[in-house]
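Me: I would like to learn how the features of a structural model are to be read. Please give the general idea before each case.

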Amino acid sequence: MPAAGFSVSASASSEFEAKITPIVIISCFMAATGGLMFGYDVGISGGVTSMDDFLIKFFPAVYRRKHETTESNYCKYDNQGLQLFTSSLYLAGLTATFFASYTTRNLGRRLTMLIAGIFFIVGVILTGAAQDLPMLIVGRILLGCGVGFANQAVPLFLSEIAPTRIRGGLNILFQLNVTIGILFASLVNYGTDNIHPWGWRLSLSLAGIPALLLTVGALLVVDTPNSLIERGRLEEGKAVLKKIRGTENVEPEYNEILEASRISHQVKHPFRNLLQRRNRPQLIIAILLQIFQQFTGINAIMFYAPVLFNTLGFKSSAALYSAVITGAVNVLSTVVSIYSVDKVGRRVLLLEAGVQMFLSQVVIAVVLGVKLSDHSDNLGRGYGIFVVVMVCTFVSSFAWSWGPLGWLIPSETFPLETRSAGQSVTVCVNLLFTFVIAQAFLSMLCHLKYGIFVFFSAWVVVMSVFVLFFLPETKNVPIEEMAERVWKQHWFWKRFMDDDDDDDKSNGADGAVKKAQP
Ligand code: BGC
């Protein structure tokens, strides 16, 4: 196989002494609430936008269209305002990421999470109490800012606070909580659907629970030693390191963080550094993984599952119920990934999922194409259930592949000095393409009809071919050995690794990076 299917020799890297202390457990709860909030926002909008009370209040035109028999099934929900309700959050989030990148570096991870929590709380109040469309959209924008800040800070916080040997597991734990947030939202929607006329308000307001948890959590925890040391608070950083590792023997790790922070200070322009030739492979892969993750079509399902099932002729409650089923499959399948990602590796999961996603999407397209005409209002019970099963097949494969790995791989492939800028680009591109799908899906459904699933399945082929040839295996490779053991060995990417950029010398990164190599 041309891609990096080489075997990985036993790690030569040293492990620092570390216990799994209560403070590390608390930090896991932090991740949980940051991820929960993101997931809740993803999952809540589809259910709310299929509720009549909500449509009557904010989108009366959509409500009328929904109940007109002359309107094509596929076009009932095609409304720019309605799509803006869902997508404004992501547009705000991707803009906020750049500010979050600044605060994460200069004010610390903890304070950035606190800022996220405050954005969330104000956003929840505005959306839950919304009197008109502008108030609703402003609330969504504030929630989006919260997502931008949280998704930048929480994964970094976790990576830094976690002992090396459980870092991968903790990373996917973040995604697990995203999926729990989505499921929680579907359950809430299922419960509030019968509360008239304010059920939707309850749906939007219950986001206050994860928002409060994140805020209180951010107030309680300490900042990471890396962030404290980077901001010159050396003694405090060392004390925190002793506390979180549960040992007095932290000198080796402390020195490594000190060295990393020295290198980080020499890099005056993290984003320019990111553009250097030797960072090209990681940058290209991080960007493409985000685009591909969204072009699997997952969020067409996550945002609009109830709307989609409604389109297929399910009654409102049956549609919400089906969304709960897909949400549960999403959570359970993410657990599969936690257990297998370090055993079978990233490539196997992505390639297997590619086949499964392609087949399920093609089957859905064929069933809808043959069985659902534009104006018949029902797919029939048997075919309806069959489509739900196929959607679950699709969701499960996403959940153990592109879902968690879209976040994991960029976080483990960037070298230290560009890791935070890399994370910011990752979050930004992810939210940008989430926005594109959120904004375009209902119009695409209206115009392409069942062809929308053919469209996404074609993308699945493209991304699987990319994985086959261009994505190296990073399983069990220590982060600091990626350049030597992954990029320099890869048939294609090694060409970016053999020369030094002149730019490096101008900002002092080159010498520093060389020193950091083992
Ligand atoms: C994606 C989200 C998606 C979620 C579904 C995440 O990895 O970034 O856009 O909604 O997975 O579980």
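The dialogue below takes up the ligand site, some contacts within the chain, and the backbone.

Me: What kind of model is this, and how are its residues numbered?

Reply: This is a predicted model, in which local features need pLDDT of at least 70 and side-chain atom pairs count only at pLDDT 80 or more, while totals for chains, interfaces and linings use all residues. Residues are numbered from 1 along each chain as its sequence is written, and side-chain values use heavy atoms, with hydrogens and water left out.

Me: Where does the ligand sit?

Reply: A cavity is a set of points, on a 1 Å grid over the protein atoms alone, where a 1.4 Å probe fits but cannot get out. A molecule sits in a cavity if more than half of its atoms lie within 2 Å of the grid points of that cavity. Here the ligand sits in the largest cavity.

Me: Which residues come nearest to the ligand?

Reply: A residue is near a molecule if one of its heavy atoms lies within 4 Å of it. There are 13 residues around the ligand, and those that come nearest are Gln-175, Gln-293, Asn-299, Asn-330 and Trp-407.

Me: How many residues of each class does the shell around the ligand have?

Reply: Ala, Val, Leu, Ile, Met, Phe, Trp, Tyr, Cys and Pro count as nonpolar; Asp, Glu, Lys and Arg count as charged; the others, Gly among them, count as polar. By this division the shell has eight polar, five nonpolar and no charged residues.

Me: Which helices supply at least two residues of that shell?

Reply: Helices are DSSP runs (H or I, at least four residues), numbered from the N terminus. Helix 7 (167–192), helix 14 (280–295), helix 15 (298–311) and helix 19 each supply at least two shell residues. Helix 7 gives the most, with three residues.

Me: Is Glu-412 buried or exposed, and what does its side chain contact?

Reply: Buried means under 20% relative accessible area, exposed over 50%, and partly exposed in between (1.4 Å probe, protein chains only). Glu-412 has a relative accessible area of 8% and is therefore buried. This residue belongs to helix 19 (residues 402–413). A polar contact is a pair of N or O atoms within 3.5 Å; within protein, one must be able to donate a hydrogen and the other to accept it, and residues adjacent in sequence count only if both atoms are side-chain atoms. The side chains of Glu-412 and Arg-346 make such a contact, at 2.8 Å.

Me: Which positions are separated along the chain, and how far apart are they in space?

Reply: The idea is to set sequence separation beside the C-alpha distance. Ser-45, in helix 1 (residues 22–49), is 140 residues from Ala-185 along the chain, with 8.7 Å between their C-alpha atoms. Gly-123, in helix 5 (residues 109–128), and Leu-143 are 20 residues apart along the chain and 4.9 Å apart by C-alpha atoms. Phe-414, in the loop between helix 19 and helix 20, is 131 residues from Leu-283 in sequence and 8.0 Å from it in space, C-alpha to C-alpha. Ser-45 is buried at 1% relative accessibility, Gly-123 at 0%, and Phe-414 at 1%.

Me: Where does the backbone show a cis peptide bond, and where a positive phi?

Reply: Most residues other than glycine have a negative phi, and most peptide bonds are trans. Here a cis peptide bond joins His-196 and Pro-197, with omega about -5°; Pro-197 lies in the loop between helix 7 and helix 8 (199–205). Lys-449 has a positive phi, near 55°, and lies in the loop between helix 20 (416–448) and helix 21 (451–470). Its relative accessibility is 23%, so Lys-449 counts as partly exposed.

Notes. 1 Å grid on protein atoms, 1.4 Å probe; cavity = no way out; pocket = protein on both sides within 12 Å on 5 of 7 lines; lining within 4 Å.
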